[in-house]
Amino acid sequence: MNPEQLTAWLQRFAELVHEQKDELTALDSAIGDADHGSNMDRGMTAVVAALAEAPPADAAAVLKKTGTTLVSKVGGASGPLYGTLFLRMAGAADGGFAPALRAGFEGVLARGKAEPGDKTMVDALGPACDVLDAGGSLAEAAQAAADGRDATVPLVARKGRASYLGERSAGHADPGATSTALLLRAAAETLS
Amino acid sequence: MKKLINDPADVVADALRGMAAAHPRLRVDHENRVVFRGDAPVQGKVGLVSGGGSGHEPMHGGFVGPGMLDAACAGEVFTSPVPDQMVAATQGVDGGAGVLHIVKNYTGDVMNFEMAAELVAAESGTEVVTVVVDDDVAVTDSLYTAGRRGVGTTVLLEKIVGAAAEEGRPLAAVADLARRIDDSGRSMGVALTSCTVPAAGKPTFDLPEGEMEIGIGIHGEPGRRRVPLAPAREVAQMLVEPILADREFTDGVICFVNGLGGTPLLELYVVYAEVASILEKAGIGIARSLVGPYMTSLEMAGCSVTLLQADDELLRLWDAPVDTPGLRWGA
């Protein structure tokens, strides 16, 4: 991983989040508090600006800057979760993308205390990590994340504000799993 | 949407400017969106920090002052503040005796305060203890949810714990007291109308004329059930019954009827009368009361009822002087 590639990945993720901001918010209105699209768009816009203002010298510094910016700008639950993902990736950046993403995933699990099947971003991130650890390509990982997102549709939420809906949360894709699928799609497009 | 605002994006910043102008004894850090008591840090006193999404005023900024909080972090409307704000608040109130974080149990609030505590631990020697408030009996099955939400008990806790900190009690004792209060308080709310988040511009949920949502959360999260509108005496029953079913209450409670923002005090007193009558029949004497809009949900119509099992110590601390924009007596 070099800093230019990672920056291109994050720029692409920011573009996708911006394009799909309204869809993310609509998903979040259905089962949460209607701010996931606007919060992620605000956070990733700030990340792109921060990386452009002072381009970090190495991969770990890009990931760390991304994590601290998201933690500082996003709030809610997605700020700490995405922030932790990137901060933990920064700590494991030397080993390459797959081990870094796995470290990030473990950070998300520890921070959010969600398990697979709780209808969260874990359901998209976990399958993508499994594919990469098994030697799969980024395109295959992105597909696994998208499948994981789709698999959240019938689930009943057990974490976050959506959990208060109980059975009423079934029938909608999880907004966090949806933005995570975009993160992996951006990786497949820029890091392959 | 009809609101007295300038721009939806500026609501929180503009309101903080107003708080600073109206209450010169508070110090507002506009960059970090933290309200401090003017004399913070108070040397030798445990610092009390709370915070959360805006839209619940006077909570939490209106509870900053002698006898209550030392600082409150204001997030966007219904969105948790970020760790940077909590770190600034914690450092600003550290008078050498440690800092207590009072956090309502919402996923975002808990995670952001957790990260803030980690950052404080990494950066300085300030000791931080966190207490999470989760008193909403509307959420029944915490195994399959994010757990009970923090509601009305938070207000009573901030007052009582604030008095204990003012007396100079050490951090561990203040934290134990806070946990005991969380354990002794239960709440349940009802919404008659939705609220409109300024940035969203339209009501958060749809509640038809003639219906109400029993067990509503303070961000418009759904409750236990939607039922036809009923007289206040029946509504009071629907709120008090699940509270009494959840915990045993004996003589000497603090009874708090809280307005959610759009319900006039006249109606809150109608509800209070019914609650008092139910408690009297149940043999539960009310030692102290609080009636009014203290933990609101923007302009939502409705109310919540909180019962806190008190004892002589809690009542003495409740009666101690408090001097904040939202609660003021004995000062």
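The largest cavity is lined by D136(B), V151(B), G152(B), S187(B), M188(B), G189(B), I216(B), G217(B), I218(B), L260(B) and S304(B). A cavity here is a set of points, on a 1 Å grid over the protein atoms alone, where a 1.4 Å probe fits but cannot get out; a pocket is an open set with protein on both sides within 12 Å along at least five of seven lines, and lining residues have an atom within 4 Å of a point.

A word on conventions: this is a predicted model, in which local features need pLDDT of at least 70 and side-chain atom pairs count only at pLDDT 80 or more, while totals for chains, interfaces and linings use all residues. Residues are numbered from 1 along each chain as its sequence is written, chains are lettered from A in the order in which they are written, and side-chain values use heavy atoms, without hydrogens and water.

Back to the cavity: a search of the whole structure finds 1 of 30 Å³ or more. Strand β7 (residues 185-191) of chain B gives the most to its lining, with 3 residues. Domain 1 (8-184) and domain 2 (185-317) of chain B both contribute lining residues, so the cavity lies between them; the bounds come from an automatic or database domain assignment.

The second largest pocket has 47 lining residues, and the closest to its centre are A77(A), G160(A), R161(A), T107(B) and M111(B). Helix α3(B) provides the largest share of that lining, 6 residues.

| Space | Volume | Nonpolar | Polar | Charged |
|---|---|---|---|---|
| Largest cavity | about 70 Å³ | 5 residues | 5 residues | 1 residue |

Volumes are the space filled by probe spheres set on the grid points, which are joined across faces, edges and corners. Ala, Val, Leu, Ile, Met, Phe, Trp, Tyr, Cys and Pro count as nonpolar, Asp, Glu, Lys and Arg as charged, and the others, Gly among them, as polar.

Now to a strand of chain B. All 6 of the 6 residues of β5 (residues 99-104) of chain B are buried, so this strand is largely enclosed by the rest of the structure; buried means under 20% relative accessible area with a 1.4 Å probe, protein chains only. V99(B), H101(B) and V103(B) lie on one side, with L100(B), I102(B) and K104(B) on the other.

β5(B) runs parallel to strand β3 (residues 47-54) of chain B, joined by 4 bridges. With strand β6 (residues 128-133) of chain B, β5(B) pairs in the parallel sense over 6 bridges. From β5(B) the chain passes through helix α3 (residues 107-123) of chain B to β6(B) in a right-handed β-α-β crossover.

How values were computed: Helix = DSSP H or I, 4+ residues; strand = E, 2+ residues; numbered from the N terminus. Buried < 20%, exposed > 50% of the residue type's maximum accessible area, 1.4 Å probe, protein only. Pairing = 2+ DSSP bridges. Right-handed = clockwise from strand over helix to strand, strands pointing away.
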